[in-house]
Amino acid sequence: MKKNASSRGRRRGTLGIILLAVLCVGAVELAACSHFAPAVYQRVTAPARRGAQITARACEQAAAAVSQVSENAHRQVSRRIAAAGVQAATLWSRLTAPREEALPEEDIQLADGPALSGGGPAADPAITELNVINGQEILTGGTLPIVYFNQGSETWAEQPYGTDNIGRYGCGPTAMAMVISSMTDIDTDPLQMANTAVALGHWAKQGGSYLSIVEGLAAEAGLTAGPLRERTPDALMDALLNGSLLVALMGPGHFTKGGHFIVLRGATLSGNILVADPNSPERSLMEWDPELILEELSRSTAHGAPIWVVSAPEA
């Protein structure tokens, strides 16, 4: 048995030497061929060179793919980290913000459908129009052109307001989006205002907004908001003619069955009021008797309610 094993080992060694010799001879022949017969050398080595090129290209493509995957993964991770940071900041602001005392139901607004199907005379088109300018709806004819947002439109209705949605509960952020977009250079919309309201503690779950939303979002945008002390038709006219906008919390009547924020945006020569209703383009194109507006104001008086004067700071 030992003899046979030794014999097989010698045979393997002999074969290895022969193969090595053949490789060496082949290498010498190829080297000689490349010098004395270049054309033959090119034909003989072409398959090997093509294989090497294909292998090199495949390696380059694989390396590029790995690099791209790495960059994509890095971007995805960065986006997720940023999103998590925003969520954490919002949650922290909710947890650490001073909690408002529970307000009576009347101090929370809820945007319901109108109590009546109509109301108010139709406006003269020469006084107010709803035009589309650069893709944005603009109400004309008031104290200043108003960037108009409709909380019930397809664009905003299903967007989140906390755990609620803007379509039913977001008249507060939508009204303030109109005010801020029209009185400042800030480019905002109902969703951005809703997110800001949530972060600052103005959102009331399944109740719309706390009444602090008007003064809070106005201050956040560099505007001043305070209560209209004298609630008379003349006081409404004076505030509007001085370049201010008014945000009114309406009670049951022509605008809502519950509570609803609207913007008073101008006065006509006949003494009527122009509004921007975030829940109705139609009511936004009507003239309103100031006495009717005052009669249907909410009875709430917290945080400056039921009507606020919003003004730009003096230059």
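Here are some notes on this predicted model, point by point.

1. Starting with the overall picture: the protein chain has nine helices and 14 strands. Of its 315 residues, 38% count as buried. If you take contacts between residues at least 6 apart in sequence, 65% of them join residues at least 24 apart.

2. On to the sheet. Six strands make up an open sheet, and the order is β9-β14-β10-β11-β12-β13, with antiparallel pairing. β9 (224–227) and β13 sit at the edges with a single partner strand each, so one side of each has no neighbour in the sheet. For β9, that partner is β14, joined to it by four bridges and running antiparallel.

3. Strand β2 (residues 130–133) pairs with strand β3 (residues 136–139) over four bridges, in the antiparallel sense, and I133 stands opposite Q136 in β3. The two strands form a hairpin with two residues between them, and N134 in the turn has a positive phi of about 55°.

4. β3 then pairs with strand β4 (residues 146–147), again antiparallel, through two bridges. L139 has I146 in β4 as its bridge partner. This is a hairpin too, with six residues between β3 and β4, and the positive phi in this turn belongs to G141, at about 95°.

5. Now the inside. The largest nonpolar core has 41 residues, and those with the most contacts inside it are Y161, M176, V179, V247, F261 and W308. Helix α4 (residues 171–183) gives the most to this core, with eight residues. As a general point, nonpolar side chains in soluble globular proteins tend to be buried together.

6. M176 is worth a click. Leaving aside neighbours within four places in sequence, M176 is in contact with M193, I213, V214, L217, A218 and V247. Several of those names come back in helix α6 (residues 213–220), where I213, V214, G216, L217 and A218 are buried. After α6 comes G222, which has a positive phi, near 85°.

7. Which residues does T196 touch, leaving aside its neighbours within four places in sequence? The contacts are L217 and E220. T196 and E220 are 24 residues apart in sequence, yet their C-alpha atoms are 9.0 Å apart in space.

8. A second, separate core of 22 residues is there as well, and L228, W288, I293 and L294 are among its members. W288 comes up again in the next point.

9. The structure holds three aromatic pairs. One of them is F255 with W288: the ring centres are 4.6 Å apart and the planes are at 40°, so the pair is tilted. This pair links distant parts of the chain, with F255 in the loop between β10 (245–250) and β11 (260–267), and W288 in strand β13 (residues 287–288), 33 residues apart. F255 is buried, at a relative accessible area of 0%, and W288 is buried with a relative accessible area of 0% too.

10. Another pair is F261 with W308. Here the ring centres are 5.9 Å apart and the planes are at 45°, so this pair is also tilted. It too links distant parts of the chain: F261 is in strand β11 and W308 in strand β14 (residues 307–311), 47 residues apart. Both F261 and W308 are buried, and both are listed with the most contacts inside the largest nonpolar core.

11. Two side-chain details to finish. H254 lies in the loop between β10 and β11. Is H254 buried or exposed? At 16% relative accessibility H254 counts as buried, because the cut-off is under 20%. The side chain of H254 makes a polar contact with the side chain of E296, at 2.5 Å. Elsewhere, the charged end of R168 sits over the ring of Y169, 5.6 Å from the ring centre.

Methods:
Residues are numbered from 1 along each chain as its sequence is written. This is a predicted model: local features need pLDDT of at least 70, side-chain atom pairs count only at pLDDT 80 or more; totals for chains, interfaces and linings use all residues. Side-chain values use heavy atoms; hydrogens and water are left out. A nonpolar core is a set of buried Ala, Val, Leu, Ile, Met, Phe, Trp, Tyr and Cys residues joined through side-chain atoms within 4.5 Å. Buried means under 20% relative accessible area, exposed over 50%, partly exposed in between (1.4 Å probe, protein chains only). Contact means heavy atoms within 4.5 Å. Rings of Phe, Tyr and Trp (its six-membered ring) pair if their centres lie within 6.5 Å; planes under 30 degrees apart count as stacked, over 60 as edge-to-face and the rest as tilted. A charge sits over a ring if NZ of Lys or CZ of Arg is within 6 Å of the ring centre and within 35 degrees of the ring normal. A polar contact is a pair of N or O atoms within 3.5 Å; within protein, one must be able to donate a hydrogen and the other to accept it, and residues adjacent in sequence count only if both atoms are side-chain atoms. Two strands pair if DSSP finds at least two bridges between them.
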